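Hello,

I am handing this structure over to you, and my notes on it follow below. Please read them with the model open.

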Amino acid sequence: MEDVSKLVALTFDDGPAVTTLPIIEALESFGAAATFFVNGMHLIKYPETAARASRAGFEIGNHTNWHLHLAEQGYDEILAQITATTELIVSITGKEPTIMRPPYGEYSDAVKLAARNCGLALVNWSIDPMDWDTDDAAVTRERILSELKDGAVVLCHDRMQCEAELMPFFIPELQKLGYKLVTVSELFEAKGVKLEPGVLYLSPNDEPER
């Protein structure tokens with residue numbers, strides 16, 4: 001029997017992309033969920049991919065419009081990057097995002113303020129397999145499994161071919177290990193952690209940064 005106390009959030013950054021659809025299909029096939037942190041510049045190219053992910057019950061988070069280093073930007077530019085992407089997400093999915101991930105995981109007081117004013121919690125990650133560096137499915141799998149535990153938030157990139165190759169096999173493997181794959185918001189709610197706008201989180205197991 002599945003131990004639903006073992007929860008993990010797979011998160012996919014920098015899409016949508018051509019390689020996003022196989023990941024969505026793998027999640028659907030195994031009754032799993034995930035969170036996609038999308039860039040506005042890619043949403044324009046692949047709106048139906050994001051719409052399908054949303055219809056399937058997956059979470060769509062804000063990853064800003066142009067993937068800039070937000071810590072180097074002023075408040076007005078940060079706000080513009082966030083709001084433009086939120087508007088696109090709403091127009092495509094009909095749903096307001098409640099979470100964002102700053103590009104590169106970089107943030108500043110101005111980033112946290114802009115996120116708070118947009119009603120978005122900042123969620124980074126607790127496991128980074130660096131799939132962007134190797135684009136190797138076997139290496140990515142090994143790195144995730146070496147750190148995996150209940151409550152983990154895993155950083156992946158749906159633009160990487162290795163993720164499209166890995167997920168049809170990795171998702172059922174995780175399920176056989178007793179993990180339930182949920183969205184970021186579902187994970188934090190299940191662990192009794194309220195996601196607050198403008199506050200930075202790594203996982204429910206880690207202390208947030210206010």
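**Aromatic pairs**

The count of aromatic pairs comes to three, where rings of Phe, Tyr and Trp (its six-membered ring) pair if their centres lie within 6.5 Å, and planes under 30 degrees apart count as stacked, over 60 as edge-to-face and the rest as tilted. A pair of aromatic rings is described by the distance of the centres and the angle of the planes.

One of the pairs is stacked: Phe12 and Phe36, at 5.2 Å centre to centre with 20° between the planes. This pair links distant parts of the chain, with Phe12 in strand S1 (residues 7-15) and Phe36 in strand S2 (residues 35-38), 24 residues apart. Helices (H or I, at least four residues) and strands (E, at least two) are DSSP runs, numbered from the N terminus.

Phe36 and Phe58 have ring centres 6.3 Å apart and planes at 35°, so this pair is tilted. Phe36 lies in S2 and Phe58 in the loop between helix H3 (47-55) and strand S3 (59-62), so the pair ties together parts that are 22 residues apart in sequence. Phe12, Phe36 and Phe58 form one aromatic cluster.

Are these residues buried or exposed? Both Phe12 and Phe36 are buried, where buried means under 20% relative accessible area, exposed over 50% and partly exposed in between (1.4 Å probe, protein chains only). Phe36 has a relative accessible area of 3%, and Phe58 counts as buried at 5%.

**Source of the model**

This is a predicted model, in which local features need pLDDT of at least 70 and side-chain atom pairs count only at pLDDT 80 or more, while totals for chains, interfaces and linings use all residues. Residues are numbered from 1 along each chain as its sequence is written, and side-chain values use heavy atoms, with hydrogens and water left out.

**Backbone**

Most residues other than glycine have a negative phi, and most peptide bonds are trans. The peptide bond from Gly15 to Pro16 is cis, with omega near 0°. Pro16 lies in the loop between S1 and helix H1 (20-29).

His67, a residue other than glycine, has a positive phi, near 60°. His67 sits in the loop between S3 and helix H4 (75-93) and is buried, with a relative accessible area of 15%.

Tyr104 is not a glycine either, yet its phi is positive, at about 65°. Tyr104 is in the loop between strand S4 (99-100) and helix H5 (109-117), and at 46% relative accessibility it counts as partly exposed.

**The chain as a whole**

The chain has nine helices and eight strands. Its radius of gyration is 16 Å, close to the 17 Å that the globule rule gives for 210 residues, so the chain is as compact as a globular protein of that length. The radius is taken over C-alpha atoms, and the rule is 2.2 Å times the number of residues to the power 0.38. Along its principal axes the C-alpha trace spans about 50 × 35 × 30 Å.

Of the 210 residues, 50% count as buried. Among contacts (heavy atoms within 4.5 Å) between residues at least 6 apart in sequence, 74% join residues at least 24 apart.

Regards
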